[in-house]
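Colleague: Before we discuss this entry, could you display the sequence together with the structure?

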Amino acid sequence: MSGQTSTAPGRAVLLVTYYFPPAGGPGVQRMLKFAKYLPDFGWRPVVLTVREDAAYPVRDPSLARDLPEGIEVVRTPITEFYRAYRKMSGRQAPLEGTRARAGEGIVEKTLRLVRASLFVPDGRVGWLLHAVGPGIRLARSSGAAAIVSSGPPFTTNLIGARIASRTGLPCVQDFRDPWTRAPFYPSRPAPARRLDERLECSIVRKAARTVAVNRRILDDLAARCPGVERERLVTIPNGFDEEDFRGMERRLPAKLTLLHAGTLHAARDPAILREAVRRLCARDPGFAAGFEILMAGRVEPSVVEAFSQPPFGRLVRFLGYLPHEESLRLLRSVHYCLLLIGDEPEVRGMITGKVYEYLGSETPIVAIGPTDGEAAELIRRCAAGVTFATEDAAGLAEWLEREWRRHQGGSAPSIAPAAREIAAYGRRDLTRQLAEVLEKVAAHAGEASSG
């Protein structure tokens, strides 16, 4: 296995994660890369996850190449709500969770209400009863000194907390997204929401440390969960793996090309981009012949429909889900990466994992969303691209036309990302930060037990 580290003797850490190879998609990357690099810092990862036949939204078995040799992975059954949903409704679970959407039938409405009312904290709660016992046994048999559990799904964090309670081990709770304050949080009845919020605060209070991908998540938890000590809240951002891009040459296509990689929800539909492109096509018929948009990943049907209307049928290609390596290679083979952020207040503090892989590719970014949000600030800090407000179709059209004319004249894109600033988000260094957290919580637990 290329780029692997052997799980040499060291203190064990139990990683609890729903998303793990053969699962694909962005939810896999954080815990997978922690598992890959923790041995470099004296920690031997052991993994508790679900069976390989779980109802993953996408699958990418190639990611298993990143796992350290000899890593112990225990897989348990899970009772999946999503399989029942598909069987009863005859369609896939919506990309945007349990929020209402146009065209729902009575069966879908009923299933959505049941899911929002009973499946707390999420649709993976069926894993809880299957996972805790095996997790306790794995923690004890491996001699684990600490636990890291990562959500979403936040059922994973409940499992980590219960294993910690039964074993006395310190648990680091990892938040890749907000829990009850996420923009995609389901429309729950009030009792179910209150229960979920109590679970969230209970998990954070009991955690030896709570780690999140940005400070805004932690600030919100501190404000809503009395008794949470600030020194137990740690930011470790998402990142990219430098090894993933090693040896990938940059080969740009003949057409000026924008790429969106990853899941595209209806709420992120880039209407501003369509408007800007319409203006340019009307202004100069030659624009359409030298411009292309690529969509790689799961795309909500309503967005596909919107991009199927003239003149986009010949300007947009939908590539579907791509294996991770192929997706990264594509990032290196376009002129710009497209980032769609959304305008909801809670989104301003979110930075999706794809941003960091965009940065790692060193391909300039065109972002559409709040110009004062954390993602926009990260892009500015790394001199990595431009951000347009969602209503600024004129500004986007003007910028696109300028870049297209540069391209027609044989010039490279006008933006050159700052490699030095981008290097701070490498996965290996971020794993070092997690290892430092583990050192502290394991040492404190040792002192408490000896005292």
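This is a predicted model: local features need pLDDT of at least 70, side-chain atom pairs count only at pLDDT 80 or more; totals for chains, interfaces and linings use all residues.

Colleague: Which strands stand at the edges of the open sheet of six strands?

Modeller: The sheet has parallel pairing and the order β10-β9-β8-β11-β12-β13. From one strand to the next, the twist averages 25 degrees. Two strands have a single partner strand each, so one side of each is left without a neighbour in the sheet; these are β10 (316–320) and β13 (385–388).

Colleague: Which residue of β11 is the bridge partner of L259?

Modeller: Strand β8 (residues 256–261) pairs with strand β11 (residues 336–340) in the parallel sense, over two bridges. L258 stands opposite Y336. For L259, the bridge partner in β11 is C337.

Colleague: Which residue in β12 stands opposite L339?

Modeller: β11 also pairs with β12, in the parallel sense and over four bridges. Opposite L339, the residue in β12 is A367.

Colleague: At what angle to β13 does helix α14 run?

Modeller: Helix α14 comprises residues 374–381 and lies across β11, β12 (365–368) and β13. Relative to β13, the helix runs at about 150 degrees.

Colleague: Are α12 and α13 parallel, antiparallel, perpendicular or oblique to each other?

Modeller: Two packed helices are described by the angle and the distance between their axes. The axes of helix α12 (residues 324–331) and helix α13 (residues 353–361) come within 9 Å and cross at roughly 55 degrees. An angle that lies between the limits of 35 degrees for roughly parallel and 65 degrees for roughly perpendicular falls in the remaining class. The two helices are therefore oblique.

Colleague: What is the handedness of this crossing, and which residues of α13 make the contact?

Modeller: The crossing of α12 and α13 is right-handed. By class, the contact has three nonpolar, two polar and one charged residues. From α12 come H324, L328 and L331, and from α13 come E357, Y358 and S361.

Colleague: Is L438 buried or exposed?

Modeller: L438 is found in helix α17 (residues 427–450). Beyond residues up to four places away in sequence, L438 touches V13, L38, W43, A146, V148 and V172. The C-alpha atoms of L438 and W43 are separated by 8.8 Å, although the two are 395 residues apart along the chain. The relative accessibility of L438 is 0%, so this residue counts as buried.

Technical notes: Residues are numbered from 1 along each chain as its sequence is written. Side-chain values use heavy atoms; hydrogens and water are left out. Axes are lines fitted to C-alpha atoms, for helices over the stretch in contact, and angles run from 0 to 180 degrees between N-to-C directions. Angles under 35 degrees count as roughly parallel, over 145 as roughly antiparallel, 65 to 115 as roughly perpendicular and the rest as oblique. A crossing is left-handed if the near helix is turned anticlockwise from the far one by less than a right angle, and right-handed if clockwise. Contact means heavy atoms within 4.5 Å. Ala, Val, Leu, Ile, Met, Phe, Trp, Tyr, Cys and Pro count as nonpolar, Asp, Glu, Lys and Arg as charged, and the others, Gly among them, as polar. Two strands pair if DSSP finds at least two bridges between them. Buried means under 20% relative accessible area, exposed over 50%, partly exposed in between (1.4 Å probe, protein chains only).
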